[in-house]
Amino acid sequence: MTTVKILLIGFIGGWVAGALGLGGGAIFNPMLLTIGVPPRVSSATGMYLVSFSKIASCLVYALNG
């Protein structure tokens, strides 16, 4: 059941962050903390997930000039 919760958090958090232009850390970290993930792990995971959106944004910017 925890895997399903984590997948839902990732999907919903990614959608909200992309749709509203929010930083992913503002979405993912509180959600991870509420399901019992330790704060250190939550912070590191949030930064890891946000790095993918940063890389994608940089690539799109570079390709479009």
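## Exercises on a predicted model

At 52% relative accessibility, Tyr 48 counts as exposed. Keep that in mind as you work through this model, which is predicted.

**Exercise 1.** Find out how the rings of Tyr 48 and Phe 52 are arranged as an aromatic pair.

*Solution.* Start with what describes such a pair: the distance of the centres and the angle of the planes. The structure holds one aromatic pair.

Tyr 48 and Phe 52 are four residues apart in helix α3 (residues 39-64), so about one helical turn separates them. An α-helix has 3.6 residues a turn, so residues three or four places apart point the same way.

Finally, look at the cover. Phe 52 has 49% relative accessibility and counts as partly exposed, while Tyr 48, at 52%, counts as exposed.

**Exercise 2.** Check the span of α3 against its 26 residues.

*Solution.* Take 1.5 Å times one less than the number of residues. For the 26 residues of α3, this gives 38 Å. The end C-alpha atoms of α3 are 38 Å apart, so the two values agree. Within α3, Ser 42, Gly 46 and Val 50 are buried. After α3 comes Gly 65, with a positive phi near 85°.

**Exercise 3.** Describe the surface patch that includes Ile 12.

*Solution.* Ile 12 lies in helix α1 (residues 2-20). Its relative accessible area is 42%, so Ile 12 is partly exposed. Together with Val 4, Leu 8 and Phe 11, Ile 12 forms a nonpolar surface patch of about 400 Å² accessible area.

Technical notes:
Residues are numbered from 1 along each chain as its sequence is written. This is a predicted model: local features need pLDDT of at least 70, side-chain atom pairs count only at pLDDT 80 or more; totals for chains, interfaces and linings use all residues. Side-chain values use heavy atoms; hydrogens and water are left out. Patches are made of residues with over 30% relative accessible area and no salt bridge: like charges are joined within 9 Å, nonpolar side chains (Val, Leu, Ile, Met, Phe, Trp, Tyr) within 5 Å. Accessible areas come from the Shrake-Rupley method with a 1.4 Å probe; for residues, only the protein chains shown count as cover. A salt bridge is a side-chain nitrogen of Lys or Arg within 4 Å of a carboxyl oxygen of Asp or Glu. Helices (H or I, at least four residues) and strands (E, at least two) are DSSP runs, numbered from the N terminus. Buried means under 20% relative accessible area, exposed over 50%, partly exposed in between (1.4 Å probe, protein chains only). Rings of Phe, Tyr and Trp (its six-membered ring) pair if their centres lie within 6.5 Å; planes under 30 degrees apart count as stacked, over 60 as edge-to-face and the rest as tilted.
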